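Open the model in your viewer and keep the selection panel at hand. The stops below go from the whole chain to single residues.

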Amino acid sequence: MIPEIEWLDSPAVFREGQLPAHSDHRYYATEAEMALQKSSFEQSLNGTWQFSYSPNAASRPKNFFQTDFDAEQFDQITVPQHIELAGYDQFHYINTMYPWEGHEYRRPAFSEFNQDHFTGMFSAAEYNPVGSYLQHFDLDPALQNKRVIIRFSGVEQAMYVWLNGHFLGYAEDSFTPSEFDLTPYLKAEDNHLAVEVHKRSSAAFIEDQDFFRFFGIFRDVTLLAQPETHLDDLWVIPEYDVNQQTGQLNLQLHFSGATRRVRVTFKDQENLLFSDELTSAPTVEQHYDLEQPVVAWQNERPYLYTLQLEIMTDEGQVIEVIQQLFGFRKIEIKDRVMLLNGERLIINGVNRHEWNPKTGRTISDADEAWDVDAMLRNNINAVRTSHYPDRLSFYDRCDQAGIYMMAETNLESHGSWQKMGAVEPSWNVPGSMNEWEPAVLDRAKSNFELFKNHPSVLFWSLGNESYAGSVLEKMNAYYKQRDATRLVHYEGVFRATEYKDTISDVESRMYATPDEIKAYLDNSPKKPFILCEYMHDMGNSLGGMKSYIDLLQQYESYQGGFIWDFIDQGLLVEDPVTGQSELRYGGDFDDRPSDYEFSGDGLVFATREEKPAMQEVKYYYGTDK
């Protein structure tokens with residue numbers, strides 16, 4: 001496989017050599033490792049890397065991946081980190097427009113305005129910065145003589161990867177883990193890993209979220225070794241009978257390597273309920289009926305069960321241990337009302353960007369834990385992962401805390417259909433363009449495969465503000481065909497009503513007034529109503545929250561919503577005059593075009609201090625308790 005720089009220009013090329021997405025389960029060599037949450041199969045590559053910044057592809061060090069390349073002139077950079085926060089390039093915040101508007105004329109490949117003249121759009125651009133990363137590493141002894149995968153948990157926006165001079169592959173989905181097989185070219189010592197990251201590619205047309213436009217390796221980089229028999233993928237499918245309060249358990253397991261024995265144990269929070277033994281065929285499907293009543297998972301009582309799998313040799317030696325927490329719960333719609341475990345679901349939600357005022361979207365475990373605690377103490381019971389998949393650990397935290405999740409696919413193409421505030425979808429992507437379909441469906445599939453085991457995920461969201469079209473219809477159909485245990489959400493059909501019957505299980509709108517909600521619910525509604533964004537918390541907002549909360553008592557089919565949003569996007573920088581640290585927002589960095597202080601619309605400041613508006617949220621979201 002020979003890498004091509006022109007891959008940046010075409011949506012038809014979005015993954016090369018990248019391994020398929022799979023469940024996010026961790027695995028260990030022993031139960032003792034599992035108890036400590038420290039796997040000997042894992043080796044972190046976080047830390048100091050060699051680095052070179054280039055303003056465009058033409059000026060990048062093209063042969064830096066070769067093992068004899070002289071990198072003496074390279075700088076150093078911390079991984080994970082945004083390149084802009086390491087002192088390169090420029091901070092840039094923008095909401096709906098594409099960041100190049102006013103600087104470059106661009107239209108999406110294969111659209112009416114750009115059928116076949118898109119080559120060079122990004123690969124030959126005068127401004128499209130490149131980060132060239134180098135890391136030398138020795139393989140930990142525990143990982144040697146095994147198949148070894150490298151996982152990049154988050155890289156914006158397009159990346160090429162080499163090991164020891166050999167090209168491994170290419171990936172574009174910035175917020176979904178990308179994995180590549182290192183095994184054919186891996187050595188025990190002195191491995192030469194090269195990663196080339198481009199700030200923009202054709203994916204920029206569908207990653208037009210309301211945020212600072214960073215690039216670089218901004219999440220963890222990890223080596224993952226696999227024993228001779230390995231569980232590649234796990235899907236636990238619990239079924240909950242609301243009337244009988246009983247459960248069934250369906251397992252779908254996919255193994256690689258030699259055929260081995262697999263011990264299965266199933267536990268509640270106090271007792272071992274049953275055990276079984278299977279054989280690790282490539283695909284195993286198993287069904288269990290539980291004889292005793294089960295405890296349903298929900299916000300007030302997020303009760304989790306444990307499935308444990310131990311892969312053993314014929315002699316009984318354990319070579320891999322997997323533990324998967326899951327919950328029994330049922331989300332459904334009856335008579336235009338969403339029910340969770342037979343009771344009407346009320347969403348007291350927020351939208352949440354990942355954010356830290358010093359490190360941007362490179363956040364810490366402490367940041368994540370604080371966010372979950374803040375939601376719980378302020379009666380927030382739901383979160384929309386706006387507008388991309390979050391770090392894997394956040395889904396575990398929401399399972400354990402009982403926070404309902406709307407798991408959003410990494411898709412937003414706002415600037416392709418809304419221009420100067422007007423709805424004008426003449427070159428909307430993905431729309432109904434067949435050439436964009438594989439890349440977009442791949443993002444939906446990755447979102448599902450990663451998070452399918454999490455009881456907190458009640459909704460699959462197709463993305464945000466991307467208008468509509470046949471491609472989103474197919475995304476909706478994929479989720480409905482693949483997973484009958486959850487609902488599908490999408491708001492954009494409000495502006496393209498011809499798709500209302502084929503996209504989304506719910507009527508979802510942004511910033512509808514109480515009167516507009518009443519008008520919908522008083523006019524023979526087909527679907528329950530939620531607000532995927534409302535009460536935009538910028539400035540002195542949230543003053544009218546009571547008018548929305550009152551609707552919950554008036555209409556069963558009105559079921560709440562998600563406040564925009566949880567945390568300000570502000571960056572702590574040193575003032576050159578006073579020398580003191582201060583928060584700055586969009587437009588404060590001479591970034592144009594910009595939406596300025598529009599990045600400051602959270603319930604908490606970027607520094608994680610609650611704003612006065614949070615008092616309103618806590619009060620009104622607590623009125624039904």
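Start with Asp181, a partly exposed residue with a relative accessible area of 23%. The cut-offs: buried means under 20% relative accessible area, exposed over 50%, and partly exposed in between, with a 1.4 Å probe and protein chains only.

Some ground rules before moving on. This is a predicted model, in which local features need pLDDT of at least 70 and side-chain atom pairs count only at pLDDT 80 or more, while totals for chains, interfaces and linings use all residues. Residues are numbered from 1 along each chain as its sequence is written, and side-chain values use heavy atoms, with hydrogens and water left out.

**Whole chain**

Zoom out. Colour by secondary structure: the chain has eight helices and 38 strands. Helices (H or I, at least four residues) and strands (E, at least two) are DSSP runs, numbered from the N terminus. The radius of gyration is 24 Å, close to the 25 Å of the globule rule for 625 residues, so the chain is as compact as a globular protein of that length. That radius is taken over C-alpha atoms, and the rule is 2.2 Å times the number of residues to the power 0.38.

Draw a box along the principal axes. The C-alpha atoms fill roughly 70 × 70 × 50 Å. Of the 625 residues, 63% count as buried.

Show the surface. Its accessible area is about 23,900 Å², and 45% of this belongs to carbon and sulfur atoms. Areas come from the Shrake-Rupley method with a 1.4 Å probe; for residues, only the protein chains shown count as cover.

Now colour by charge. There are 53 positive and 99 negative side chains, with the centres of the two sets 3 Å apart. Lys and Arg count as positive, Asp and Glu as negative; His and the chain ends are not counted. Each charge is placed at NZ of Lys, CZ of Arg, CG of Asp or CD of Glu.

**Salt bridges**

Side chains of opposite charge can pair when their charged atoms come close. How many salt bridges does the structure hold? The total is 40. The criterion is a side-chain nitrogen of Lys or Arg within 4 Å of a carboxyl oxygen of Asp or Glu.

Asp181 sits in strand E12 (residues 178-181) and Arg147 in strand E8 (residues 147-152), so the pair ties together parts 34 residues apart in sequence. Arg147 is partly exposed, at 32% relative accessibility.

Next, select Glu156 and Arg361. The closest N and O atoms of this salt bridge are 3.2 Å apart. Glu156 is in strand E9 (residues 155-156), while Arg361 is in the loop between strand E27 (347-351) and helix H2 (365-377), 205 residues apart. Glu156 is buried at 4% relative accessible area. Arg361 is buried too, at 2%.

Move to Glu368 and Arg391. They form a salt bridge with closest N and O atoms 3.1 Å apart. Glu368 belongs to helix H2, and Arg391 to the loop between strand E28 (382-384) and helix H3 (392-401), 23 residues apart. Both residues are buried. Then select Arg352, Asp367, Asp371, Asp390 and Arg608: salt bridges with shared partners join them into one network.

**Backbone stops**

Most residues other than glycine have a negative phi, and most peptide bonds are trans.

- Pro80 is in the loop between strand E5 (75-79) and strand E6 (93-94).
- Arg592 to Pro593: another cis peptide bond, with omega about -5°. Pro593 is in the loop between strand E38 (581-584) and H8.
- Glu465: phi is positive, about 45°, in a residue that is not a glycine. Glu465 is in the loop between strand E32 (457-461) and helix H5 (470-482). Its relative accessible area is 15%, buried.
- Ser504: phi is positive, about 85°. Ser504 lies in the loop between strand E33 (487-489) and strand E34 (507-510). Ser504 is buried, at 7%.

**Last stop**

Select Glu616 in helix H8 (residues 613-621). Glu616 is partly exposed at 31% relative accessibility. Beyond its neighbours within four places in sequence, Glu616 contacts Leu542 and Met545. Finish with a distance to Gly360: 27 Å, C-alpha to C-alpha, across 256 residues in sequence.

Conventions
Contact = heavy atoms within 4.5 Å.
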